[in-house]
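This report goes through selected parts of one structure, one local feature at a time. Please have the sequence and the model at hand while reading.

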Amino acid sequence: MIYYARSQNDAGQPETAAHHLQRVAALCQKFCAPLGDEAAGEWMGLFHDLGKYSPLFQQVLAGRARHVDHALPGAALLYMRLCGRGGENGRFLPLALAVRAHHGSLSADTGEFRAWCSGKTDGLGPDGRRYSIPSARDAACRAAFEAFMRENPMPARLPAPPVGPPQTPEDAAGWMLFVRLLFSALTDADYTAAAEHFEPDALARSALPPVDVAAARQALEEYRAALRQKAADGGDPAMAAVREELFEACRQAGAKAEPGAYTLTAPTGAGKTLALLAFGLEQLAQGRRRIILVLPYLSVLEQNAAVWRGILPQLLEDHSQLRPDDEQAARLLAQRWDAGCIVTTSVRFFEGLFSCSGPDCRRLHQIAGSVILFDEAQSLPASLANATLRALRELSGRWGCTVVFSSATQPAFDALAGPFWAPQELAPNPRALFERARRVTCRWQLTPQPLEEVARSAAGGPNACVILNLRRHARQVYEALRALRPAEEVFLLSTELCPAHRTALLRQVKARLQGGQPCYLAATQCIEAGVDLSFDAVFRALAPLEGIVQAAGRCNRHDTRRRGLVTVFVPRQEGGRLYPDDFYRQGANAVHALRSRHPIELDDPAHIREYYDILYGQGYLKDKPALTAAIQNLDFAGVRRQYRLIEQAGAPVVVPYAGEAELYAQLCAEAEHGVTGGWLRKAAPLTITCYDQKLVAACCEPLHTPARGGQPPAFAGCWLLRDPTQYDSARTGLCLRAEMA
């Protein structure tokens, strides 16, 4: 009997099980090489679809059977072969777990293996699906294994896993990451081999060429020469000197840095974007496999990606708001991360490191041996810091990565996580750099005052930005400014504007500032990172110190020869809260505590360090207990649920922003046929997260997935706002109002 793995392709050729297994084994062996264990890849690849050697699975291909689980038999036989029937040799367990999960989700539970191996099963999995081979004691198992052994030569050597079973709770995070990396290699190999059956060039189409370091160095120098020429026509010589010094320090450090953890602490405007790229290119020359730039905010990402793409044309962007010309090609590249340089978001990078499903983990093996650059490092939530830093320690230790945390407000993660996190600093004398780059004076007004008074102070200058902690406060200041200045001079920026609207508004604001026209902006924290605006005066509601420093970066961004003015104030509390969450409140309290000790210099790294010592020393900021417990219990699904950079409490609403009327019309038409992942990506520029679920349900239309496989449409988790009167495209964005009966 010929056993097949896959039905006919366009050429009318089915794929035999032996061909598929051997192709997956070859690919997985290659993908496991950076993990130090090619043999593990070969064993996983050969055993992963052993369950297809069964008459029952052949009926699936013929369309005569459904709901058949073919992954468990191969995983259990691999477990029995390498670990022993009772799992005595736990060192090989990660291979069996990866095989078991390659069409599902990771789990560390071995009870199913033992039950199948001992024949103590009724042939059904926990989800009710039939095993393609009922158990190891079944006659079908002997026949399947004989056919499998006849057609597939066994690997010449045993795996040599570089990570052993966890002996202490501290070992758990590293062991789980190793399982995910093996799972990633197998999943990528399996998906790729399956795609090749239908498209022989699938592997080549899902990869970009490695970086040509020599060409990139030359392009980088040409870009810097153009910047110097532009600066010569009126730039600030002091800032230019700071940028040159930082760039050269990072270039030299990159040429000799070993894999490990580093920080880059430098002021806003010091040229960290290009300095990080120089470091990364030199690391590639030293043998790192690829550069991965990780950014927390899409506004920062899009700006940096635009700069880097001019130097690295084959750069891969992977984020929710990408609108590529070729959607399918972009999706393939994003799934695999086989590129010399990748720019992605913190959510995409970190949540993948803690995921447990094949599509989310597929790219992880590509991270090994990379140089990973985290910009705006202060944005990492303290409630996830310990778990995150342990994963990064594994990457920068066992898996050969160079990790850099870059920020003007470098968090003292060692005070939070403990002595295992001890990065080296790349910047030469950060304090001197900050002193030379000083561009603002900070005025502290910590007696609570009405927001109308703050608006009056802001309206008295030629331009100003007022940054608030809450959207309702931003609206109050906006309305107060409208009462004081002509309407065309006043703007509101918050997350109640969709991303496309925010982008258009920022272009307007920037044009007015560059043209010397009066401009007054009320904004929430969404303006603080990566937005290239420069106001003469910035007013910042009391916040965590990193937020205040980031706000100062929107003031007099480009000139040390004069001083901008940053005013920190406390809004008078008139009912309701002052801060968006507990962390913000704790950070503001830490600023109060630091201010009680001595005057705060925003440009002094020692003061920033002292602030973090106070904040982390309060004892409130620890990893989420549920996350810690899930890691210690080796609960992959629990870790995935608990590790969220952005809590998914809100309702995504697609809005009728007039500036993208054509896109909105297309989305409405396509939604009639059901919402898909591609539709959601396309809708991202018009999507707002609204936290009043009842109001959304009253004002918006629920969207549904397409009907598939005999299943009816299901709620897609997002909503469509059809009423254009509830979205102010000219000014304030979303303004939902439920009709009262």
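## A buried tryptophan in a loop

W337 counts as buried because its relative accessibility is 0%; buried means under 20% relative accessible area, exposed over 50%, and partly exposed in between, with a 1.4 Å probe and protein chains only. W337 sits in the loop that joins helix 14 (327-336) to strand 8 (341-345). Its phi is positive, at about 60 degrees, although W337 is not a glycine.

This is a predicted model, in which local features need pLDDT of at least 70 and side-chain atom pairs count only at pLDDT 80 or more, while totals for chains, interfaces and linings use all residues. Residues are numbered from 1 along each chain as its sequence is written, and side-chain values use heavy atoms, with hydrogens and water left out. Helices (H or I, at least four residues) and strands (E, at least two) are DSSP runs, numbered from the N terminus.

## Two further loop residues

N429 also has a positive phi, of about 50 degrees, and is not a glycine. N429 is found in the loop between strand 11 (424-425) and helix 19 (430-436).

P134 belongs to the loop between strand 4 (130-131) and helix 7 (139-151). P134 counts as partly exposed because its relative accessibility is 29%. Leaving aside residues up to four places away in sequence, P134 touches W116, T121, G123 and A140, where contact means heavy atoms within 4.5 Å. From C-alpha to C-alpha, P134 and D69 are 9.9 Å apart in space, and they are 65 residues apart in sequence.

Strand 5 (residues 260-265) is largely enclosed by the rest of the structure, because six of its six residues are buried. Both of its faces are covered: G260, Y262 and L264 are buried on one side, and A261, T263 and T265 on the other.

Strand 5 runs parallel to strand 10 (residues 402-407), and six bridges join the two; strands pair if DSSP finds at least two bridges between them. In this pairing, T265 stands opposite S407 of strand 10. Strand 5 also pairs with strand 11 in the parallel sense, over two bridges. There T263 stands opposite E425.

Four strands form an open sheet with mixed pairing, in the order 19-18-21-20. Strand 19 (687-690) and strand 20 (701-704) are the edge strands, each pairing on one side only. On average, neighbouring strands of this sheet are turned by 40 degrees against each other, direction ignored.

Strand 18 (residues 651-654) pairs with strand 21 (residues 715-720) in the parallel sense over two bridges, and V653 stands opposite W719 of strand 21. Strand 18 and strand 19 run antiparallel and are joined by four bridges; here T687 in strand 19 is the bridge partner of V654. In a regular strand the side chains alternate between the two faces of the sheet.

## Helix 10 against helix 12

Two packed helices are described by the angle between their axes and the distance between the axes. Helix 10 (residues 213-232) packs against helix 12 (residues 272-285) at an angle of about 160 degrees, with the axes 10 Å apart. Helix 10 is therefore roughly antiparallel to helix 12. The axes are lines fitted to C-alpha atoms, for helices over the stretch in contact, and angles run from 0 to 180 degrees between N-to-C directions. Angles under 35 degrees count as roughly parallel, over 145 as roughly antiparallel, 65 to 115 as roughly perpendicular and the rest as oblique.

Helix 10 passes helix 12 in a left-handed crossing, meaning that the near helix is turned anticlockwise from the far one by less than a right angle; clockwise would be right-handed. Helix 10 contributes V213, A216, R217, L220, Y223, R224 and L227 to the contact, and helix 12 contributes L274, L277, A278, L281, E282, L284 and A285.

## Helix 20 against helix 21

Helix 20 (residues 451-459) and helix 21 (residues 471-484) pack at about 50 degrees, with their axes 9 Å apart. Helix 20 is therefore oblique to helix 21. The crossing of helix 20 past helix 21 is right-handed.
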